[in-house]
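Please examine the model shown below together with its sequence.

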Amino acid sequence: MRIYFTALLILLSFCFIVNCSRKSNWQDHRILNKNRLEGHTVHIMSKEDKNYKLSLNGTWKFHLAPNPSKRPQNFWKADENTEKWSDIVVPGHWEIQGFDVPIYTDEEYPFEPDPPKVPKKYNPVGSYVKCFDLPDNWQEKQVFLHFGSVRSALMVWLNGEEVGYSQGSKTPIEFNITSLLKNKSNRLALQIFRFSDASYLEGQDYWKMSGIERDVFLYCSNDIQIWDYKIDTKLDRFYRDGFLKIECAVKNYSQLTGRNVKMDIILDDLSGREIFNTSELIVLDTNNAIFNFEKKIEKVKKWTAETPELYDLTLKIFDQGVLKDEVITKIGFRKIEIINKQLCINGTPIIIKGVNRHEHDMVNGRVITEESILQDLKMMKEFNINAIRTSHYPNRSEFYELCDAYGMYVINEANLECHGMKYHIDGFRGLSDNKEWEQAYLDRVQRMVKRDKNHPSIISWSMGNESGDGINFISCYEWIKDYDPGRPVVYEGAGNKPHTDIVFPMYKDIQFLEDYAKSDPVRPLLLCEYAHAMGNSVGNLQDYWDVILKYKVLQGGFIWDWVDQTFLKRDRQGKNYWAYGGDMGDSAIENDSNFCANGLVQADRSLNPHIWEVKKVYQNIHFKLIDISSNTFLVINDFSFTNLNRFSIYYEILKNGEVYKEGKITNIDLPARTFGKVSLNLPKIDTQDFYFLKLIVKNIDNTGLIPYNHIIAWDQFTLGKYSPVYGSPQKISLSNSENQIEVVQNNSRYIINKNTGFLEAIINGKNNNILTSPLTFNFWRAPTDNDLGNKMQERCAIWKDVPANIKLTDINVLDRKDELKIFSNFEFPDIKAKGIIRYHFTSDGVLNIRATYLGGSKELPEMPRYGLTMKVQPELENVQWFGRGPEENYWDRKTGYAFGVYEKKVAEMNHIYVRPQECGNRSDVFWFHLLNREGKGLKIYRKSNMNFSVWNFSQKDIDYIPRKLKHTNDIKEGNFITVNIDFNQMGLGGDNSWGAKPHPQYILKEDRYAVEFDLLVE
């Protein structure tokens, strides 16, 4: 009896476990799918023929429940009425369409981690219904239901019958639904769970959103189908001839075995020239068959990102002369190796000049179009970017097709990140080093590799991101190396361990790179993430690349990241702004604010200013001046596969800032990865004057994504010495009263307040005061995102209020025959330092101003900036300057901004970042003018190093206010123009945005600084 009772208990327990698993698949990490088809390279016979594909995109009926217990239970039954449900657009996130809210977090999960459990009270469930008719000619075919991506767990019913279950987004989910179909009025029902145990492996730094993210469609096949095909395109050891190897899985749904079918294999180049056309017989001994084929191709055209040579491969399968299935795909021949500690393509080392890229649309989130993918690739090509890491999941299939066609190196990354586990008691090891989760890890890696294996643009597989390390990654590595040995495998968390073929760290500083290169390493290094482009950032990029190009084992990296993950919103006044964490209805939920705004471009693909630095640093052609008398230059071709004869070289000569001469130089024939001396046919330059010589390289190829005449590289050289001539002899008169000193010069009056020591009025010949506030000291800048990350606003806070507490100690006047000098002497009590402003009125009509800072004995943090600031009348809105431009640039981000004379409106001078912050600076400025419509106003000429910026708002408008979310629409145009004239300000930094300071060489730490300039009034 006891034995019976015990057995009964065991049986009941087993039934209970099975029942619980059945009811809560979404929080059982052992259940990854039910009836889902194995991963494969998806193809549809006659892709353009609607007879083989039926889109289910569009409007569906939709219901959202707050949690699984309240979700509709029987809606999937054939006779259930859902007409009163809401409408929703598929593909599309339900949070974007007014159901629930998107949540932005970087590291944390949107719930307390307790794997595999997910929240019970807040776990919205979306229920979907779509009705469709089967096309008339599909009755005798096999029909498959395809979801491109669903987040995060999916249950499917068709015509009242269960189809299956799946979890894990970003790779296709497919079911064979043939047996459940009706000719007319098919009713497809889905339930999608916002959170599931899969959410623990989808904790990327991105918006947490749900629903159907990519296309939904049906496709059909005949009774014999090419289910999958694996293309291997290697080169011989001389990288001359190619070897095409095909492994093809054929499915036979007819149940007839022992029959011969014919496979045609055809290879054409893209000009349509046939390379070969052959046929082979396949014996269908069982329901499935594996077909293998090999062929040598002599003198094959080789694929690289610079030379994306492709071939058209066609596979056709015939049964008794009837075409049953057809594959038409593009393939590329290339060989990926690590040779002498370098990543090589076709035997040649490459340099990765890459970016990380999220799939993001400013309205639709992760739901993107092929057109937007092409736009991204075009822009990347134009800015010298040659590689993409698909952070942190496989992309839409069209992405890889376009990378194949136009040339882009891709590191394809699995949809695997458990970053939020760092807040769990077990840490990352609770999943990554837990054998129970092995299949969940493998499932994501395998589905990625099996879908994308045939793309030549994919040069490496990444097993995931920020998930620690453990046995599950070793299992993934071993599986990939067995299935696809021709590509290296990378993973950041593996560090220097054997289960990464390339050391793949993130946010390592320059010293780390140099130390690694000197340590006699056995593997190359790529930075999977670096140069964190959050807000006003990407400082010291050139410094990174000076080291990267110094050591062969360092092969580049991927900037974080390509595009801001913000959303376009409009305020009540109709003004657009960029929404970030806390702005999408999620303000009451833990979020990471504007940490999603790290892009080289904004969410609408407009440019952030730092992308111009990337373009210059990433360029592949460089010039070095050897001898100006003979116009001899060293030309360096850093392309891996491209001869410079594909480009034209032009010159432009500026004389004292103005265009003096320009022209075209004969094309240069210089193979890839070589350098040589060239004597350019330039006009004679008299170095007694001040010149800039600029050499410009333009594209002359009309193919690909880079347009004709597009500038792909430039370098600039300074010749001579700057010695401006301006002003004319003028009489100077002085009036000294109790409260002010008035100086008349050049039909203008200057008033210095004797109580403050500051210049408070410049009254022109029309008796108008140009100034609206005095010219005063400025030690502060509105913190950038990087500044906030390293606590500059706290560490350097003492500098912010120094001007408010300045004490004038005395004013001295030195009046001579031809010149007048006025000295205002100051004390800065907050920092126990001193300052002097010297106003020097010269006989040639110039006011020379020199402002000196003299440090004291007090130990102080670094100075955010040093200079002077004032406000002027708003009609001086026309800006001209001779210096770096045209975009803003800074001490550690100015390589990509050429010297020239530029013109803009004040309103065009500033890039207002997603979160407003310091902006608009121009470095190494020789002069700038602020003029009205008549061309009259202020002219400033440098006597020391000079930066300047002009804003139609005040610094306090862009300054940081704790716990206040600021946006672009918060900046209100004032009835004045702020003018900042600086000796310099600290660098921007960019190693990371959570603690790294600007590099020491870009920090103001001296005890003495002076900014000096000449001021003229017209």
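The sections below describe selected features of this model.

## Basis and confidence

This is a predicted model, in which local features need pLDDT of at least 70, side-chain atom pairs count only at pLDDT 80 or more, and totals for chains, interfaces and linings use all residues. Residues are numbered from 1 along each chain as its sequence is written, and side-chain values use heavy atoms, with hydrogens and water left out.

The average pLDDT (the predictor's confidence in each residue, from 0 to 100) is 93 for the chain, and 97% of the residues score at least 70. Over residues 1-21 the pLDDT stays under 50, and the model has three contacts beyond four places in sequence for this segment; a contact means heavy atoms within 4.5 Å.

The structure holds 61 salt bridges, each defined by a side-chain nitrogen of Lys or Arg within 4 Å of a carboxyl oxygen of Asp or Glu. In one of them, Arg-194 meets Asp-100 with an N to O distance of 2.4 Å. Because Arg-194 lies in the loop between strand S13 (186-193) and strand S14 (206-208), and Asp-100 in the loop between strand S5 (92-93) and strand S6 (103-105), the pair ties together parts that are 94 residues apart in sequence. Helices (H or I, at least four residues) and strands (E, at least two) are DSSP runs, numbered from the N terminus. Arg-194 is buried at 3% relative accessibility, whereas Asp-100, at 26%, is partly exposed. Buried denotes under 20% relative accessible area, exposed over 50%, and partly exposed in between (1.4 Å probe, protein chains only).

A further salt bridge joins the side chains of Arg-151 and Glu-213 at 3.2 Å, N to O. This pair links distant parts of the chain, 62 residues apart: Arg-151 is in strand S9 (residues 150-151) and Glu-213 is in the loop between strand S15 (211-212) and strand S16 (216-221). Arg-151 is buried with a relative accessible area of 7%, and Glu-213 is buried at 2%. Both residues belong to a network of salt bridges that also links Lys-170, Glu-202, Arg-214, Glu-359, Arg-366 and Arg-444.

Arg-447 and Asp-443 form a salt bridge whose closest N and O atoms are 3.1 Å apart. Both lie in helix H5 (residues 438-452), four residues apart, about one turn of the helix. Arg-447 is buried at 6% relative accessible area, and Asp-443 is buried at 11%.

S25 pairs in the antiparallel sense with strand S24 (residues 336-339) over four bridges; strands pair if DSSP finds at least two bridges between them. Leu-343 is the bridge partner of Ile-338. Their hairpin has two residues between the strands, and Asn-340 takes a positive phi near 50° there. S25 also pairs in the antiparallel sense with strand S26 (residues 348-349), over two bridges, and Ile-345 stands opposite Thr-348. In the hairpin of S25 and S26, with two residues between the strands, Asn-346 takes a positive phi near 55°.

## Helix H8

Helix H8 (residues 541-548) is largely enclosed by the rest of the structure because six of its eight residues are buried. These are Leu-541, Asp-543, Tyr-544, Trp-545, Val-547 and Ile-548. The elements covering them include strand S27 (352-356), helix H7 (510-518), strand S32 (525-530), strand S33 (554-559) and helix H9 (611-618).
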